[in-house]
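Hi,

Here is the structure I promised to pass on. Have a look at it first, and my notes follow below.

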Amino acid sequence: VVNFDASYATNMCSQDYDDFDAYAESLFTFTDADGSQIDSIWWNWCEGNQVPYKSEFLPLFDDPRYQQWVADGIDIVDIVLQATHKRGKESFYTHRINSLDNDLGPFAVIPMKVEHPEWQFRVPWSTHEHNGCWNFALPEVHDYVLRNLKEIAERWPFDGIELDFARGVVFPPSQGWVNRDRLTEFMHRLRQCLQEIAAARGRPFLLAARVPDTLMGCHFDGL
């Protein structure tokens with residue numbers, strides 16, 4: 001499995017190619033290399049609160065490349081997903097569960113975070129008044145994140161979704177373990193949602209979790 005930071009690669013490399021198709025193909029250089037044993041690519045397109053595609057709920061990246069692609073009807077997520085499947089590889093959508101919205105380098109203002117500061121908590125790396133972390137002890141946060149993940153699962157034929165708990169915390173400091181049942185509830189709801197989508201499309205929709213590498217670390221975070 002390769003976890004690929006696609007938004008970072010786009011920021012660094014897309015301008016080096018004459019056309020979009022050439023850029024998209026360049027993302028597979030490592031996969032297409034002789035001797036590659038890669039079976040599955042897990043695409044990380046964003047940090048969850050702004051996106052590189054036209055969403056019903058989330059703001060589009062404030063970046064001229066992505067905005068032009070959307071205006072031209074180019075769905076970068078779908079094109080790269082189809083290219084992954086064309087190569088016979090499994091494809092997951094990776095969602096960083098609680099990052100701080102600096103996908104493109106500078107901090108981005110997220111309207112939902114401005115509107116609902118009471119849904120957030122702050123950590124030492126919260127460098128802007130609005131870039132707090134979602135508090136997964138709250139049902140409102142569950143509803144917000146599940147809605148966004150459901151949109152992804154219904155829109156594209158990914159083989160699964162990965163939640164990346166290693167790139168952010170989900171509860172305020174010292175409140176992780178006492179709230180662990182809240183996160184279990186969130187995972188049950190997401191699993192049920194993906195099971196329903198799997199039944200409708202007639203093939204599985206997998207769910208993966210990337211977690212801290214020690215049991216103590218997981219417990220500290222409320223996993």
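D101 sits in the loop between strand 3 (90-96) and helix 6 (111-115); helices (H or I, at least four residues) and strands (E, at least two) are DSSP runs, numbered from the N terminus. Phi of D101 is near 65 degrees, a positive value in a residue other than glycine. D101 also counts as buried, because its relative accessibility is 0%; buried means under 20% relative accessible area, exposed over 50% and partly exposed in between, with a 1.4 Å probe and protein chains only.

S174 is another non-glycine residue with a positive phi, about 75 degrees. That one is in the loop between strand 6 and helix 8, and S174 is exposed, at 68% relative accessible area.

Before you go further: this is a predicted model, where local features need pLDDT of at least 70 and side-chain atom pairs count only at pLDDT 80 or more, while totals for chains, interfaces and linings use all residues. Residues are numbered from 1 along each chain as its sequence is written, and side-chain values use heavy atoms, with hydrogens and water left out.

Five strands form an open sheet in the order 1-2-3-6-7, with parallel pairing (two strands pair if DSSP finds at least two bridges between them). Strand 1 (2-5) and strand 7 are at the edges with a single partner strand each, so one side of each has no neighbour in the sheet. From one strand to the next, the twist averages 25 degrees (axes are lines fitted to C-alpha atoms, for helices over the stretch in contact, and angles run from 0 to 180 degrees between N-to-C directions).

Strand 6 pairs with strand 3 over five bridges, and R96 stands opposite D164 in strand 6. Strand 6 also pairs with strand 7 (residues 206-210) over five bridges, where the bridge partner of L163 is A209.

Cheers
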